[in-house]
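Subject: Structure handover, with notes on charges

Hello,

Here is the structure for you to look over. My notes on its charged side chains follow below.

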Amino acid sequence: IRLKDHNSDITIDKNEKHPCFTAKAHDYARMHLPVAPKCNIQCNYCHRKYDCNNESRPGVTSDILTPKEALHKYIEIKKKMPNLSVVGIAGPGDALANWENTKETLRYIRAYDKDIVFCLSTNGLKLRKYADQLIELGVTHITVTINTIYEDVAAKIYKYIRYDGKKYFGVEGARLLLEEQWAGVAYLEDKDVLTKVNVVYLKGINDDHIDKIVEKAEAMGASVTNIMGHIPVADTPFEVLEQATKEEITQVRLDNMGTLPQMLHCNQCRADAVGKLGGCRSVS
Ligand code: SF4
Ligand code: SF4
(Lines give C-alpha, C1' and ligand atoms only; values in the text may rest on other atoms or scores of the structure.)
(Ligands and ions follow the chains in the order given, each with its own letter.)
Protein backbone atom coordinates (compact mmCIF):
# COMPACT_ATOMS: atom_id res chain seq x y z
CA ILE A 1 0.00 0.00 0.00
CA ARG A 2 1.48 3.36 -0.97
CA LEU A 3 0.12 5.48 1.82
CA LYS A 4 2.07 8.52 0.66
CA ASP A 5 -0.09 8.57 -2.46
CA HIS A 6 -3.09 9.19 -0.27
CA ASN A 7 -1.65 11.63 2.20
CA SER A 8 1.37 13.33 0.70
CA ASP A 9 -0.06 16.80 1.26
CA ILE A 10 -0.44 16.52 5.00
CA THR A 11 -0.46 20.16 6.14
CA ILE A 12 -1.66 20.65 9.63
CA ASP A 13 0.52 23.53 10.52
CA LYS A 14 -0.36 26.88 9.01
CA ASN A 15 3.13 28.32 9.42
CA GLU A 16 4.55 25.32 7.53
CA LYS A 17 7.84 25.39 9.34
CA HIS A 18 7.42 22.25 11.40
CA PRO A 19 8.61 19.18 9.50
CA CYS A 20 6.71 16.81 11.80
CA PHE A 21 3.36 18.47 11.23
CA THR A 22 3.70 19.45 7.60
CA ALA A 23 5.26 17.14 5.04
CA LYS A 24 6.03 20.15 2.84
CA ALA A 25 8.28 21.54 5.56
CA HIS A 26 10.82 18.77 4.98
CA ASP A 27 13.62 21.24 4.32
CA TYR A 28 13.38 22.60 7.84
CA ALA A 29 15.25 21.00 10.70
CA ARG A 30 14.23 20.34 14.26
CA MET A 31 16.34 19.86 17.32
CA HIS A 32 15.51 17.91 20.44
CA LEU A 33 17.10 19.05 23.66
CA PRO A 34 17.53 16.20 26.17
CA VAL A 35 16.82 18.13 29.36
CA ALA A 36 14.15 15.80 30.80
CA PRO A 37 15.66 12.64 32.33
CA LYS A 38 12.93 11.60 34.78
CA CYS A 39 9.58 10.00 34.10
CA ASN A 40 6.44 9.88 36.22
CA ILE A 41 4.96 6.70 34.77
CA GLN A 42 6.31 3.31 33.77
CA CYS A 43 5.25 2.03 30.38
CA ASN A 44 5.71 -1.69 29.98
CA TYR A 45 7.58 -1.13 26.72
CA CYS A 46 10.16 1.26 28.13
CA HIS A 47 13.40 0.64 29.97
CA ARG A 48 14.49 3.67 31.96
CA LYS A 49 18.05 3.09 30.84
CA TYR A 50 17.04 4.01 27.31
CA ASP A 51 15.46 6.95 25.59
CA CYS A 52 11.73 7.49 25.86
CA ASN A 53 9.92 5.35 23.35
CA ASN A 54 7.42 8.14 22.73
CA GLU A 55 9.54 9.56 19.97
CA SER A 56 12.79 7.68 20.26
CA ARG A 57 14.78 4.78 19.15
CA PRO A 58 15.84 2.71 22.10
CA GLY A 59 19.32 1.41 22.63
CA VAL A 60 21.43 4.50 23.20
CA THR A 61 21.15 6.83 26.12
CA SER A 62 21.35 10.57 25.58
CA ASP A 63 23.58 12.94 27.44
CA ILE A 64 21.37 15.00 29.68
CA LEU A 65 21.80 18.75 29.36
CA THR A 66 21.10 21.43 31.92
CA PRO A 67 18.94 24.31 30.65
CA LYS A 68 22.03 26.51 30.25
CA GLU A 69 23.88 23.78 28.36
CA ALA A 70 20.79 23.33 26.20
CA LEU A 71 20.83 27.04 25.34
CA HIS A 72 24.49 26.88 24.39
CA LYS A 73 23.90 23.82 22.26
CA TYR A 74 20.99 25.58 20.57
CA ILE A 75 23.10 28.66 19.79
CA GLU A 76 25.92 26.52 18.43
CA ILE A 77 23.66 24.41 16.20
CA LYS A 78 21.53 27.32 15.00
CA LYS A 79 24.67 29.06 13.73
CA LYS A 80 25.56 26.00 11.64
CA MET A 81 21.99 25.14 10.66
CA PRO A 82 20.04 28.20 9.55
CA ASN A 83 17.08 26.05 8.48
CA LEU A 84 16.57 24.97 12.12
CA SER A 85 12.96 25.96 12.78
CA VAL A 86 11.82 23.83 15.72
CA VAL A 87 13.10 23.09 19.20
CA GLY A 88 11.44 20.10 20.82
CA ILE A 89 11.67 18.62 24.30
CA ALA A 90 11.03 14.91 24.05
CA GLY A 91 12.74 13.21 26.93
CA PRO A 92 14.60 11.02 27.34
CA GLY A 93 12.02 10.82 30.16
CA ASP A 94 8.92 13.01 30.17
CA ALA A 95 9.14 16.74 29.43
CA LEU A 96 6.54 17.60 32.07
CA ALA A 97 7.96 15.31 34.76
CA ASN A 98 11.00 17.62 34.60
CA TRP A 99 9.07 20.84 34.67
CA GLU A 100 11.75 23.18 36.01
CA ASN A 101 14.28 22.04 33.38
CA THR A 102 11.76 22.24 30.57
CA LYS A 103 10.52 25.66 31.63
CA GLU A 104 14.00 27.13 32.07
CA THR A 105 15.20 25.75 28.75
CA LEU A 106 12.26 27.23 26.85
CA ARG A 107 12.69 30.56 28.63
CA TYR A 108 16.38 30.81 27.81
CA ILE A 109 15.88 29.93 24.19
CA ARG A 110 12.94 32.31 23.74
CA ALA A 111 15.01 35.15 25.18
CA TYR A 112 17.65 34.41 22.56
CA ASP A 113 15.38 33.69 19.59
CA LYS A 114 11.85 35.01 19.39
CA ASP A 115 10.95 33.10 16.21
CA ILE A 116 11.87 29.49 16.86
CA VAL A 117 8.88 27.12 17.06
CA PHE A 118 8.52 25.24 20.36
CA CYS A 119 7.37 21.65 20.41
CA LEU A 120 7.02 19.22 23.27
CA SER A 121 6.21 15.58 23.71
CA THR A 122 4.65 14.10 26.85
CA ASN A 123 2.78 11.15 28.27
CA GLY A 124 0.12 13.70 29.26
CA LEU A 125 -0.03 13.05 33.00
CA LYS A 126 0.85 16.66 33.79
CA LEU A 127 -0.45 18.26 30.64
CA ARG A 128 -3.58 19.79 32.11
CA LYS A 129 -1.58 21.15 35.02
CA TYR A 130 1.03 22.90 32.87
CA ALA A 131 -0.97 23.71 29.72
CA ASP A 132 -1.40 27.42 30.49
CA GLN A 133 2.25 27.86 31.32
CA LEU A 134 3.28 26.00 28.17
CA ILE A 135 1.13 28.33 26.10
CA GLU A 136 2.62 31.32 27.88
CA LEU A 137 6.12 30.03 27.15
CA GLY A 138 5.20 29.90 23.46
CA VAL A 139 4.79 26.17 22.93
CA THR A 140 2.63 25.73 19.82
CA HIS A 141 2.98 22.00 19.08
CA ILE A 142 2.32 19.30 21.65
CA THR A 143 2.47 15.55 21.21
CA VAL A 144 0.72 13.29 23.71
CA THR A 145 1.18 9.54 23.61
CA ILE A 146 -2.14 7.85 24.37
CA ASN A 147 -2.32 4.13 23.79
CA THR A 148 -5.89 3.23 24.66
CA ILE A 149 -9.27 4.56 25.73
CA TYR A 150 -9.96 1.71 28.17
CA GLU A 151 -8.83 1.56 31.78
CA ASP A 152 -8.39 -2.21 31.81
CA VAL A 153 -6.17 -2.06 28.73
CA ALA A 154 -4.19 0.85 30.18
CA ALA A 155 -3.64 -1.23 33.31
CA LYS A 156 -1.84 -3.76 31.09
CA ILE A 157 0.29 -1.09 29.40
CA TYR A 158 1.44 0.92 32.42
CA LYS A 159 3.12 -0.64 35.41
CA TYR A 160 2.50 2.40 37.59
CA ILE A 161 1.65 6.09 37.55
CA ARG A 162 3.33 8.47 39.98
CA TYR A 163 1.21 11.49 40.73
CA ASP A 164 1.92 14.13 43.38
CA GLY A 165 4.31 11.86 45.22
CA LYS A 166 2.08 8.77 45.28
CA LYS A 167 2.29 5.66 43.11
CA TYR A 168 -0.90 4.27 41.61
CA PHE A 169 -1.13 0.78 40.15
CA GLY A 170 -3.57 -1.20 38.00
CA VAL A 171 -6.90 0.28 37.02
CA GLU A 172 -6.60 3.08 39.56
CA GLY A 173 -3.40 4.39 37.99
CA ALA A 174 -4.72 3.73 34.50
CA ARG A 175 -7.85 5.78 35.16
CA LEU A 176 -5.86 8.69 36.48
CA LEU A 177 -3.52 8.71 33.49
CA LEU A 178 -6.32 8.44 30.91
CA GLU A 179 -8.33 11.19 32.57
CA GLU A 180 -5.37 13.55 32.59
CA GLN A 181 -4.29 12.69 29.04
CA TRP A 182 -7.70 13.32 27.49
CA ALA A 183 -8.40 16.37 29.67
CA GLY A 184 -5.08 17.81 28.50
CA VAL A 185 -5.85 17.25 24.82
CA ALA A 186 -9.36 18.69 25.23
CA TYR A 187 -8.03 21.73 27.07
CA LEU A 188 -5.69 22.59 24.21
CA GLU A 189 -8.55 22.72 21.73
CA ASP A 190 -9.32 26.38 20.94
CA LYS A 191 -5.93 27.42 22.25
CA ASP A 192 -3.37 28.20 19.61
CA VAL A 193 -1.70 24.81 19.97
CA LEU A 194 -1.55 21.94 17.52
CA THR A 195 -1.97 18.64 19.26
CA LYS A 196 -0.73 15.34 17.90
CA VAL A 197 -1.69 12.07 19.55
CA ASN A 198 0.88 9.31 19.25
CA VAL A 199 -0.37 5.75 19.54
CA VAL A 200 2.04 2.86 19.98
CA TYR A 201 0.62 -0.13 18.11
CA LEU A 202 0.81 -2.95 20.68
CA LYS A 203 -0.10 -6.26 19.15
CA GLY A 204 -2.62 -8.20 21.19
CA ILE A 205 -2.99 -5.27 23.61
CA ASN A 206 -4.53 -2.27 21.81
CA ASP A 207 -4.58 -3.24 18.14
CA ASP A 208 -8.29 -4.11 18.24
CA HIS A 209 -9.34 -0.54 19.03
CA ILE A 210 -6.86 1.86 17.46
CA ASP A 211 -9.78 3.28 15.45
CA LYS A 212 -11.50 4.15 18.74
CA ILE A 213 -8.39 5.96 20.00
CA VAL A 214 -8.20 7.99 16.78
CA GLU A 215 -11.93 8.77 17.00
CA LYS A 216 -11.53 9.97 20.55
CA ALA A 217 -8.47 12.03 19.61
CA GLU A 218 -10.54 13.69 16.91
CA ALA A 219 -13.45 14.29 19.27
CA MET A 220 -11.13 15.84 21.84
CA GLY A 221 -9.61 18.25 19.34
CA ALA A 222 -6.31 16.67 18.26
CA SER A 223 -5.13 17.68 14.78
CA VAL A 224 -3.31 14.53 13.74
CA THR A 225 -2.46 11.06 14.99
CA ASN A 226 0.78 9.21 14.61
CA ILE A 227 0.36 5.44 14.86
CA MET A 228 3.80 4.03 15.50
CA GLY A 229 5.23 0.56 15.58
CA HIS A 230 6.33 -0.84 18.93
CA ILE A 231 10.08 -1.33 19.13
CA PRO A 232 10.77 -4.16 21.59
CA VAL A 233 13.22 -3.17 24.30
CA ALA A 234 15.25 -5.72 26.30
CA ASP A 235 14.29 -6.32 29.92
CA THR A 236 10.78 -4.94 29.62
CA PRO A 237 7.48 -6.81 30.00
CA PHE A 238 6.70 -6.15 26.33
CA GLU A 239 10.07 -7.38 25.12
CA VAL A 240 8.40 -10.50 23.74
CA LEU A 241 5.39 -8.77 22.22
CA GLU A 242 5.19 -9.56 18.53
CA GLN A 243 5.98 -6.49 16.43
CA ALA A 244 3.49 -5.20 13.89
CA THR A 245 4.77 -5.38 10.33
CA LYS A 246 5.24 -2.25 8.25
CA GLU A 247 2.22 -3.33 6.20
CA GLU A 248 0.06 -3.61 9.30
CA ILE A 249 1.07 -0.13 10.45
CA THR A 250 0.43 1.26 6.99
CA GLN A 251 -2.96 -0.42 6.83
CA VAL A 252 -4.09 0.91 10.19
CA ARG A 253 -2.99 4.44 9.24
CA LEU A 254 -4.88 4.12 6.00
CA ASP A 255 -7.98 2.82 7.81
CA ASN A 256 -7.98 5.85 10.08
CA MET A 257 -7.21 8.57 7.58
CA GLY A 258 -10.88 9.39 7.19
CA THR A 259 -11.06 10.30 10.87
CA LEU A 260 -7.91 12.41 11.25
CA PRO A 261 -4.81 13.15 9.17
CA GLN A 262 -2.17 10.52 9.79
CA MET A 263 1.50 11.22 10.21
CA LEU A 264 3.42 9.06 7.78
CA HIS A 265 6.92 10.36 7.98
CA CYS A 266 7.71 9.78 11.65
CA ASN A 267 11.24 8.60 12.24
CA GLN A 268 10.75 7.74 15.90
CA CYS A 269 13.78 9.83 16.59
CA ARG A 270 15.82 10.13 19.73
CA ALA A 271 15.48 12.65 22.51
CA ASP A 272 18.59 14.41 21.22
CA ALA A 273 17.89 14.23 17.49
CA VAL A 274 19.08 17.14 15.36
CA GLY A 275 18.46 17.83 11.69
CA LYS A 276 15.89 17.35 8.98
CA LEU A 277 13.49 14.49 9.65
CA GLY A 278 14.93 12.24 6.97
CA GLY A 279 18.51 13.19 7.64
CA CYS A 280 18.58 13.32 11.39
CA ARG A 281 21.79 11.93 12.79
CA SER A 282 20.10 9.51 15.10
CA VAL A 283 18.06 7.80 12.41
CA SER A 284 19.69 4.66 11.13
FE1 SF4 B 1 8.13 17.70 18.02
FE2 SF4 B 1 8.07 15.06 18.08
FE3 SF4 B 1 8.80 16.30 15.87
FE4 SF4 B 1 10.37 16.31 17.98
S5 SF4 B 1 9.80 14.55 16.70
S6 SF4 B 1 9.96 18.04 16.73
S7 SF4 B 1 8.86 16.42 19.69
S8 SF4 B 1 6.76 16.33 16.84
FE1 SF4 C 1 9.42 5.58 29.07
FE2 SF4 C 1 8.31 7.63 27.88
FE3 SF4 C 1 6.77 5.74 28.99
FE4 SF4 C 1 8.14 7.42 30.51
S5 SF4 C 1 6.45 7.94 29.12
S6 SF4 C 1 8.03 5.19 30.79
S7 SF4 C 1 10.06 7.68 29.35
S8 SF4 C 1 8.11 5.49 27.20
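Predicted model: local features only at pLDDT ≥ 70, side-chain atom pairs only at ≥ 80, totals over all residues.

In which helix do Lys80 and Glu76 both lie, and how many residues apart are they? The helix is H2, residues 67–80.

Salt bridges

The structure holds eight salt bridges. Here are some of them.

Lys80 and Glu76 form one, and their closest N and O atoms are 3.5 Å apart. Lys80 has a relative accessible area of 63%. That is over 50%, so Lys80 counts as exposed. Glu76 has 43% and is partly exposed.

Lys114 and Asp115 form another salt bridge, at 3.6 Å from N to O. Both of these residues are exposed.

Then look at Lys126 and Asp164. Their side chains are joined by a salt bridge, with the closest N and O atoms 3.0 Å apart. This pair links distant parts of the chain, the two residues being 38 residues apart. Lys126 is in the loop between strand S4 (117–122) and helix H4 (127–137). Asp164 is in the loop between strand S6 (158–163) and strand S7 (166–169).

Asp164 is at 57% and counts as exposed.

There is also a network. Lys203, Glu242 and Glu248 are linked in it by salt bridges.

Negative patch

Which helix gives the largest share of the patch? Helix H7, residues 210–220, does, with three residues.

Where is Glu189 placed? Its place is in the loop between helix H6 (170–188) and strand S8 (194–201). Glu189 has a relative accessibility of 38%. This value lies between the 20% and 50% cut-offs, so Glu189 counts as partly exposed.

If you open the model, start with Lys126 and Asp164, the pair that links distant parts of the chain. Then turn to helix H7 and its three patch residues.

Best wishes

Definitions and conventions: Residues numbered from 1 in each chain as written. Chains lettered and ligands numbered in written order. Heavy atoms only, no water. Helix = DSSP H or I, 4+ residues; strand = E, 2+ residues; numbered from the N terminus. Buried < 20%, exposed > 50% of the residue type's maximum accessible area, 1.4 Å probe, protein only. Salt bridge = Lys/Arg side-chain N within 4 Å of Asp/Glu carboxyl O.
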